[in-house]
Amino acid sequence: MYYGGWGWRPYMSVAQRQAQAMRKIAQLKKKGHVVSPVEIEGRGIATTFWGKAWCENLERYSDYANRLPRGRTYVRNGSVIDLQIAFGEVKALVSGSSIYKVAVKITPVSKARWKSICKDCAGAIDSLVELLQGRFSKGVMERICRENNGLFPSPKEIQFSCSCPDWAYMCKHVAAVLYGIGARLDRQPELLFRLHKLDEKELISSAGRELPLAKKGGDSGKILSTGDLSELFGLDLAKSGAPTSPLSSTRASQNKSAKEMRGRKQVVRPGGRQRSP
Ligand SMILES: [Zn+2]
């Protein structure tokens with residue numbers, strides 16, 4: 001039991017929360033609302049490049065480190081009963097001690113940043129299918145996942161609120177929704193572009209083949225596995241090496257970003273704690 005702004009609330013077991021979630025979903029459907037619950041199958045919250053990259057981006061920020069794990073369990077047991085991604089905002093309903101409304105605002109990627117991403121990736125992605133499946137070189141992955149300058153938001157670009165009593169410090173409902181976005185992008189990666197109001201087709205181009213990340217030597221540079229993603233986000237740092245010029249060598253740029261991230265991890269960012277009105 002704890003006291004919150006809405007009075008005493010009893011502890012609810014997972015089964016009780018799930019039953020509450022089912023009732024709420026039925027009620028919303030009855031009203032004609034198209035409900036989009038986050039359903040996780042299997043052990044991982046995300047299994048593809050886009051879903052994993054979203055989650056691992058969140059996990060690389062030290063100011064979220066203590067708060068995210070609670071959300072992982074919550075999203076896994078089906079507590080996110082509705083999640084809608086729109087331009088600059090994600091709205092969700094989460095079943096906790098009560099049904100809570102969560103809003104996550106994401107600062108859209110600026111035009112300048114998008115232009116720079118498109119320029120750096122010009123000629124390196126052949127088709128929409130390859131893009132959405134995350135089938136591209138490590139150089140492209142590194143560019144897309146780059147801290148503060150890629151497609152995934154940093155804490156200062158994420159604002160959140162929840163109708164529960166303790167949302168200011170990223171409650172488990174907000175954390176569950178942040179992971180829920182990852183799970184949603186796993187199945188519908190195009191929603192990341194809707195979130196930023198970007199046209200993903202601009203990343204696919206036959207022009208500029210001589211530009212930095214354009215693949216050389218056919219498909220050999222493409223990878224299907226996302227096993228190297230953790231390394232890319234500096235989450236699992238076993239390797240080190242002297243970086244040469246950025247992007248001229250994939251390995252060098254990876255080591256460089258890992259090194260940079262290692263340095264940055266000690267900085268506590270205030271972004272995650274900010275209240276939105
Ligand atoms: Zn909450």
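User: In this structure, which exposed residues are carried by the face of helix H4 turned away from its buried side?

Analyst: The model is predicted. In it, the face of H4 turned away from the buried side carries Lys 111, Ala 112 and Lys 115, which are exposed.

User: Which residues of helix H4 are buried, and why are they said to line one face?

Analyst: Helix H4 spans residues 111-121, and its buried residues are Ile 117, Asp 120 and Cys 121. Viewed down the axis of H4, these buried residues fall within an arc of 90°, and therefore they line one face of the helix. They pack against helix H6 (138-145). Just after H4 comes Gly 123, with a positive phi of about 80°.

User: How should I read helix H3, and what do its buried residues pack against?

Analyst: In H3 (residues 68-76), Gly 71, Tyr 74 and Val 75 are buried. Because these buried residues fall within an arc of 90° when seen down the axis of H3, they line one face of the helix. Their packing partners are strand E3 (80-86) and helix H7 (172-187). Gly 78, which follows H3, has a positive phi near 80°.

User: How many bridges join strand E5 to E6, and in which sense do the strands run?

Analyst: E5 (residues 99-106) is joined to E6 by five bridges, and the two run antiparallel.

User: Why is strand E4 described as largely enclosed?

Analyst: Strand E4 covers residues 89-95, and five of its seven residues are buried, so the rest of the structure largely encloses it. E4 pairs with E3 in the antiparallel sense over six bridges, and Asp 82 stands opposite Leu 93 in E4. These two strands form a hairpin with two residues between them, and Gly 88 in the turn has a positive phi of about 70°.

User: What does E4 form with E5?

Analyst: E4 and E5 form a hairpin with three residues between them. Their pairing is antiparallel over seven bridges, and Ala 92 has Val 102 in E5 as its bridge partner.

Key
Residues numbered from 1 in each chain as written. Predicted model: local features only at pLDDT ≥ 70, side-chain atom pairs only at ≥ 80, totals over all residues. Pairing = 2+ DSSP bridges. Helix = DSSP H or I, 4+ residues; strand = E, 2+ residues; numbered from the N terminus. Buried ≥ 20, exposed ≤ 12 C-beta atoms within 10 Å, placed from the backbone. Arc of directions from axis to C-beta. Contact = placed C-beta atoms within 7 Å.
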